[in-house]
Amino acid sequence: MDVMPWYVEVLRAIVGTIIIFSAVAIVTAMLGVLLERRISAWIQSRIGPVHVGPRGLLQTVANTVKLLQKEYILPRNADAVIFSSAVIVVPLAALLDYVVLPFGTTRAGPLIYRDLNIGVLYFAATSSLIVVGILMAGWGSNNKYALLGGLRSAAQMVSYEIPIGLVLITIAMLAGSLSTVTIVNAQTHLWFIVSQPVSFVIFFVAAIAEVNRAPFDLVEAESELVAGYFSEYTGMRFALFQLGEYGEMFAMAALAVTLFFGGWQGPVLPSVVWFLIKLYVLVFVFMWVRWTYPRFRIDQLLNFSWKILIPVALANLVVTAFFVIVVH
Amino acid sequence: MTSLVWVIPLLPLAAFVAVTFWGERLPGRGAYVSIAGIVLAGAAGLVVLADVIGGARADVTYTWLTLGTRPLVVGFVVDPLSAVMLAMVGVVASLITIYSVGYMAGDPRYPRFFAYLSLFQFSMLFLVLADNLLFIYAGWELVGLCSYLLIGFWFERPAASRAALKAFVVTRVGDFSMMIGILLLFLHTGSLRFDEIFRALGAGTFGGPTLTLAALLVFGGAVGKSAQVPLHVWLPDAMEGPTPVSALIHAATMVAAGVYLVARAYPLFFLTPGHQALTIVAYVGGITALAGATMGLVENDIKRVLAYSTMSQLGYMFLGLGTLGYTAGMFHLLTHAVFKALLFLAAGSIIHAVGTNDMKRMGGLTRALPVTFWTFLIGTLALTAIPPFAGFFSKDAILVAAYLHDKTLWGLGLAGAFLTSLYMGRLCWFTFAGTYRGGDPEAAHGAPHESPRVMTVPLIILAALAVVLGWVGADVFGNPFARFISFPELTAAPGTLGLVGASLAAAVLGWAAAGALYPWRLVSPAALRQGLPWLYTLLVRKYYVDVVYDWVFVRGGAVIVWIADAFDRYAIDGLVNLLGWLARQVGFGVRVLQTGREETYLLLAALGALVIVVVRLVW
Amino acid sequence: MVGEALAFYLLAAITLASGIVVVTSPNLVHSAVALVPALLGVTGLYILLNAEFLAGVQVLIYAGGITVLILFVIMLTEGATGLRVPQRNEQGPIGAAVAGAAAAVLIAVATRTPWAHGAGVLPSYTPGAIGESFLGPNLLLFEGTSVVLLVTLVGAILIARKED
Amino acid sequence: MITLTHYLVLSALLFGLGLYAVLTRRNSVAMLMGIELMLNAANINLVAFNKYAAPGAMQGQIFALIVITIAACEAAVGLALILAAYRRFETTYVDELDTMKG
C-alpha cells in the first residue's frame, strides 16, 4: 500500500473521485430516476416519460438541466451554513460507499477502487454518515416538516443499521474476512443467498428502510411531511439529494449482489456485465416493492426493527457461528 | 409411629393457619377445622401413649446450628412423661374445643377464638414434646402469648385487656429468670438437651451452689407460669377470659407446664446439694396450697374461686415433687387436669345459663341444670379428695410424701385440704342450694336452662374420667401409674392407714365445717366476719400482695421511668442537640463551598489534578 | 514520507479547527456538526497510524452513532432556542487557564521526554488479529465491556423513558 | 518525518480543547461533546504509543476500542440523563440544575 509515492496516491484519489462521481452520478442517479418513472408507470399501467429523446431516455437529463438553471432559495431564518453543507454531506457519504464495491474482475485483479481489509465495516461506517447529513438538512431548513422528517429518518436509519451490521458480521464470518473481494471469492461455489436465505431477507428489508424507500419511506411521506427533510431545497441542491438517495440505493443493491449473489461471478459473459445484470435485477426489485406495498406507521417501523429483525438476525448469527465452528 | 411424633403438633398448627386465613369460609366458621386438628392430635397422642406403655421410646434430634464448637441439637422426645402429657393435653383440649362450639356461639370473633385455641394447642404440644430447654422455652413463650391473646379475647372490656397485660408481664418476670437459668446451664454443660445436661450432672462436672442457683432460676419460670407465690397475682385476674380458656389454659394445661418442667428437669433439682432446690420447691408449693385455699374462702366470683383452687392444687403438685413424691406430683397433675377442666366447664355452663359470675346471684340451680349439677358435684368431690374419686388418690399420695419428708409441709397440706372442702362446700351451697336469686341484673334473662348437648357431653365424659382415673394410681391395684412414671432413684412410699385416715378426715371436716356454716347455720358466717375482721380483710385484700406490687413495682417503676425520662430528655437529648447544633453551625460555615453546581466541582477537580501532576513533575 | 507529513498536518488542522468550532460555537447544532469533521480527522490519524479497523469503528460509532445521538438530544431538548442565552459560564477565564495549563503541561512532558522507540515489526492490524486478541489474551476485558454495554443499554432505556 | 511527539502534542491540544469545553460550557450536551474530544485525544495517544513505542503489541488498539465502546455507553447514559433532567427541570443548562446546593 505504501509502495507508491504520495503524489501518485493523491492523483489516484482525485481520478477515482472524478470517475466515481461522474459515473455514478450519471449512471445511477439519472438512470435510476428514469427507471423509477418507467417502472412505476408500467406497474400502474401508465406510459411514463416518452417525449424527450428516444423513448424518453433523455428525460432525466432534461430535468437536470432544468434544475441547474433554477434559483437557490434559502428559507428565512434558516441556518445557512448547515443548510448548505448538508447538501454535500449526503451525496458524499453515499458515494464514498463505492470505494469498496468490486464491479468486476480483470487479469490484473478485481475492478475495485480500494480493496480494504475492513471492507464491509467501511461500507457500514460511511453509510451511517448519511444520517448526519439528513439531520443537518432537516434542522437547517427551519421548517417543522423538514425537522420531523430528519428526526424520523435518523431514528429509522440508526435502528436499521443494527440488523444490517449483524448480517454483515454473519457473512464476514462465513467468508472469514471483511474484505468485499474475499467475500465474493468465497462464493465461487455457492452463493450465500443459498446458505443464508434468512440473512438475505433481513438485509433486503433493512436496506429498503436504510435508503428510506417505500414501504419504509416515512421520512418523505408526502401526505404527512411534504417531502421530508429536503422540502426546502431547490434547484441543484435538490438534485444532489436525489443523487445521494439513488446513489445509496444502488450502493445497497451492489452490496447485496456482493454479499449474496456472488458479485461479478458468472459464466460466459464478462464479469462487469454479470455484476450489472444482478445489480439491475435487484434495483428492479427495490422499485417493484416501492410501487406495490403501502406505507408503514413510524412505531410499526421501529418495532419491526427492534422486536423482529434484530432478534432474528442475532439468532441467525448465533446459529451460523455454531455451524462455522462445527465445520472448522 | 413414635418417631413421627413431630407431626402431632403440626396438626393444630395447620388448623391455626387455615382458620386464621380462611376462618369465616371454613366449615363451622373454622370451629370444625380446629376440632379436627386437635382431635386428630389427641388420637395420635393416645396411640403414642399405647406405644410407650408397650415399651416404645424415641428421641428425634436434629442439629440446628453450630455455635462455635457447640452444636445446638434440638428435637422431640417420647418417653412415659411426655406421652402421658401428650395424651392428657390432647384429650382435655379436644373436649374443651368441642365445648367451645356451644359456649362461644354467637361471638363476633368466633373464628379467631378457634384460631387462638389451635395455636395454643400447637404450642402446648410442642412444649410437652421438647427434649431440650430451647424448645421448652420457645413453647413456654408461645403458650404465654396465647394466654395473653385469649385472656384479652374480649379486649373491648378494660378489665380483660388489663388482665391480659398483667398476666403477660407477671409471667415474663418468671420467664426472664428461666432464661437466665437456661443460659447458665448452657454455659456450664454446653448443651441444652436434657439427657446431655443430666449426663453432665451425673458425671459431677457441674454441681454445688451454682447448680442450685440454675435450678432455682429455672424454677422461677415455673413459679410464674404456674401462679405460685409470689407470682400468683395474675391467675385470678386471668378469669376475665372466656371460660373454655380458663379451663384449658388456666386449669388443665399451661399452668401445669411449670409442674411438667420441674418433673422434666427433675435431676437438676434432685442433684442439688442436700436437695436444697427441692426443699424450696416444696415450701413454695405448700405455702401456695394454703394461701390459695384461704383466698378462695372469701371470693364471690365463681371462676375466681376455681382459680384460687387451681393455684392451691398446683401448690400441692409442687409440694409433691419437692418432697420426693415425683410420681405423686405428676399423678396429681393428671387427675387435676381432668377434674379442674370439668369444674371450669361446668362453671361455664352455669355462667352460660345465668349470665353472671357472681355466686350471690345464683342459687337453686339443681333443678334447672341437672347434668351440670351432677357433673359439677363429681368434680367437687374429686377436688376435695373424697374417695373413690380421682383427687383422693393423688392428693393422698402427695400428703404421704410430705409426711415422710417434712411434718411442717404435711401440716400445710392438711390445712389446705380442710380449707379446700370448706370453700368448695360454700361454692356449691351458693350456686345450687336455695332459690334462684336472679342472675345477671342487667340482662333480661329468663329462667335458667340446661346448656346444649355440645357442652354437656364433654362434661359427662370428663366426669366419667374424674371417677375412674384415680384408680390407675391406687395402691390397691398395685399402682400401675407409679410403675409407668417414676424417678429411678426414688421409690414411692406406701401410705399407712393412719395417714390416709388423717387426710380423709381433713377433707370430711372441711365439708362438715361448710355444712355447719351454711345449711345448718350452727355458726353464722357474718358472726365469723365480725369476730375476726382483720383476718377477713386480709383475705379479701388477697394478703395485700397486689397493693405491695402496685406500690413497689408499678409506682416505683414510674418513679424510675420519670427519672430516666428526665435524664434522657435533658442529659442525652441535650448532648445530641448540642452535637446537632455544632454540626449545623459548621455546616453554615462551609456551605459556601457547596455550590450545587457541577462546573465548580469539575473545575476544582481539574485544578487539583493539574496541581498534583505539576507537583510530581517538579519534585 | 512527505505525504505522511502532509497528511498529518492536514488532518491535524482539520481536527483542531473543527475542535475549536465545537468548543466555542454559541450554536449547539454547529458544535455538534463540527464534531463530525473533528472525529473524521482523528479517523484519518488512525489510518496514518495503521489502525484501519479502529478507523472504521470510529466512523461507525462516533461519527454515525454518538454524533447522531447528540444531534437528536439537542433537537429534542432546546435545539437552537438557546441561541441568545449565554453558553459560557462565569468561570470562563479560569477554565481557559486551567485547560491551557493542562495542555501546556502535557505538551511539555511530551516534548521533553525521550520516548523509547520500540523495536519490532509492525504487524498488520487486521480485524482477524484484533478479534483473536480480544478472544485470547484480552478476553476478560472483552466480557467486562460487553456486560457494561448491556447494563448501559438497560439503564439508558430506564432513565430516558417517560415516567407515567 | 512524523514522530510520536507530533501525535502527543496534537492530542494534548485536543485534550485542552475538550477540557475547556467541559469547564466553561453551560449546556450539558456541549459538555458531553467536550468529553468526547478528550476521549478522542486519549485514543490518539493510545494508538500512537502502540505504533511507535510498542510496535509488536496489540493492546493500544484494543484499549482504544474499549474506550470507544465506553464512550458510546457514556454518551447513551449521559444523554438519557440529560433528557430525563430536561423533562423534570426543563433545562439542559447545568448551572440551573442546582437543587443540591447547600
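Here are some notes on this structure, chain by chain and contact by contact.

1. Before you start: this is a predicted model, in which local features need pLDDT of at least 70, side-chain atom pairs count only at pLDDT 80 or more, and totals for chains, interfaces and linings use all residues. Residues are numbered from 1 along each chain as its sequence is written, while chains are lettered from A and ligands numbered from 1 in the order in which they are written.

2. Chain C has six helices and zero strands (helices are DSSP runs of H or I with at least four residues, strands are E runs of at least two, and both are numbered from the N terminus). Along the sequence the pattern reads α-α-α-α-α-α. Of its 164 residues, 38% are buried, where buried takes 20 or more other C-beta atoms within 10 Å of a residue's own, exposed 12 or fewer, and partly exposed lies in between, with C-beta atoms placed from the backbone.

3. Chain D comes to three helices and zero strands, running α-α-α from the N terminus. Here 57% of the 102 residues count as buried. Take the contacts in chain D between residues at least 6 apart in sequence: 45% of them join residues at least 24 apart (a contact needs C-beta atoms, placed from the backbone, within 7 Å). For chain C, that share is 53%.

4. Now look at where C and D meet. 78 residues of chain C are in contact with 63 residues of chain D. On the chain C side, α1 (2-24), α2 (28-48), α3 (52-76), α4 (92-112), α5 (127-135) and α6 (139-160) each supply at least two residues. That side divides into 52 nonpolar, 23 polar and three charged residues. For these classes, Ala, Val, Leu, Ile, Met, Phe, Trp, Tyr, Cys and Pro are nonpolar, Asp, Glu, Lys and Arg are charged, and the others, Gly among them, are polar.

5. What do the buried residues of α1(C) pack against? They pack against α2 of chain C, together with α1 (4-24) and α2 (28-52) of chain D. The buried residues of α1(C) are L11(C), A12(C), T15(C), S18(C), G19(C), V22(C) and V23(C).

6. Chain A touches chain C as well: 25 residues of chain A are in contact with 21 residues of chain C. Helices α1 (6-43), α3 (80-96), α4 (119-140) and α5 (144-175) of chain A each give at least two residues to the chain A side, and the largest share, 12 residues, comes from α4(A). By class, that side has 20 nonpolar, three polar and two charged residues.

7. In chain B, helix α4 (residues 110-129) and helix α5 (residues 133-151) pack at an angle of about 155°, their axes 8 Å apart. Residues of α4(B), including Y116(B), F120(B) and L127(B), meet residues of α5(B), among them F135(B), W140(B) and L150(B). The residues of this contact split into 14 nonpolar, two polar and no charged.

8. Is S312(B) buried or exposed? With 27 C-beta neighbours inside 10 Å, S312(B) counts as buried. S312(B) sits in helix α14 (residues 302-322) of chain B. Leaving aside neighbours within four places in sequence, S312(B) is in contact with T288(B), A289(B), G292(B), A293(B), G296(B), G416(B) and T420(B). S312(B) and G416(B) are 104 residues apart in sequence, yet 7.7 Å apart in space, C-alpha to C-alpha.

Methods. Axes fitted to C-alpha atoms, helices over the stretch in contact; angles between N-to-C directions. Contact = placed C-beta atoms within 7 Å.
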